[in-house]
Amino acid sequence: MAEMNVVPLIDILLVLLIIFMVITPLTPKGLETLLPRPNSDTVDRKTDALTVVVQVAQGGKIKINNENTDLDRLGPRMEQIFKDRAEKVAFVKGDNDVVFMDVARAIDVLRGSGIDKIGLISGLH
Amino acid sequence: MAYKPTVGAQMSSPNVIPMADIMLVLLIIFMVVTPMLTKGVSVDMVTANTPRDMQDADKDDAVIVAVTRDGKIYLGNTNIQKEDITGQVKDRLANRLDKTVYVRSDARAKYGDVVAVVDEIRSAGVDQLGLLTERRQNRETPPPPPNGQPST
């Protein structure tokens, strides 16, 4: 037994490695959104003609206010719109029968184009 | 391998110490992982490119509302009705400074269901909402569209 037996050590290190590989991605990630009050929201919309509402419709169709676009063009367009604005606020609205994934993708794109306040508004008001 | 090839009677009993070591470590893994597995209902969350870390959502007292694919609503682990969300969320947030609620929604849930839940949460006086997502894996193919809803 002149040389040390390192095999058990390697076994344990490998298992520890696997533990950490499994645990690391468990840190929760998420997209931060705001919930504007219905009343303040209507005030906003009356006073601020610059309000941007992104509406997600069935079949991957997206509208920025009344302008038709899609998921690929949404990011560059939003960057263009918000280039000169200090307050980077946008509202997101979705049709009821749209899959949540589509809306989340749109929110993700908005986040990616530098908008830091995203308000979720519902179809009710 | 460091084991010397030995002959006959010298290797009569196998060396079980490495096995015991590994078993102990596996035991520890399961002790650590088991409470995580039971936390919340399992939903297929959306993958996102630009999510923020939400450390607070991992806390024991985080208010997490889950919406499953078929529109069932869970607060933590318990299935609740839509009408009860406002009251329950209010109770849970009563003494908190950080009034953030997290929504874990299935990617294939109807947005109408999600928005109905969001409205109830809004009524509880919450103005910060975290939509929990998964980190994007390095794959470009989107998950398959839900039944009967071609997404193109």
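**Contact between chains A and B**

In this predicted model, 39 residues of chain A and 49 residues of chain B form the contact.

Trainee: Which element gives the most to the side of chain A that touches chain B?
Mentor: Helix 4 of chain A, with eight residues. Helix 1 (7–23) and strand 1 (29–34) of chain A also give two or more residues each.

Trainee: How do the residues on that side of chain A divide?
Mentor: Into 21 nonpolar, 10 polar and eight charged. Any Gly there counts as polar, because the polar class includes Gly.

Trainee: What makes strand 1 of chain A and strand 2 of chain B a pair?
Mentor: Pairing needs at least two bridges. These strands have two bridges, so they pair, in the antiparallel sense. A:Gly30 stands opposite B:Arg52 in strand 2 of chain B.

Trainee: Why is helix 4 of chain A called mostly covered?
Mentor: A residue is buried if 20 or more other C-beta atoms lie within 10 Å of its own. In helix 4 of chain A, 12 of 13 residues are buried, so the helix is mostly covered. Among them are A:Phe100, A:Ile107 and A:Arg111.

Trainee: How does the span of helix 4 of chain A compare with the expected one?
Mentor: The helix runs over residues 100–112 and reaches 18 Å from first C-alpha to last, close to the 18 Å expected at 1.5 Å a residue. Just after this helix, A:Gly114 takes a positive phi of about 90 degrees.

Trainee: What is the order of elements in chain B?
Mentor: From the N terminus, α-β-β-β-β-β-α-β-α-β. That is three helices and seven strands.

How values were computed:
Residues are numbered from 1 along each chain as its sequence is written. Chains are lettered from A and ligands numbered from 1 in the order in which they are written. This is a predicted model: local features need pLDDT of at least 70, side-chain atom pairs count only at pLDDT 80 or more; totals for chains, interfaces and linings use all residues. Helices (H or I, at least four residues) and strands (E, at least two) are DSSP runs, numbered from the N terminus. The expected span of a helix is 1.5 Å times one less than its number of residues. Two residues are in contact if their C-beta atoms, placed from the backbone, lie within 7 Å.
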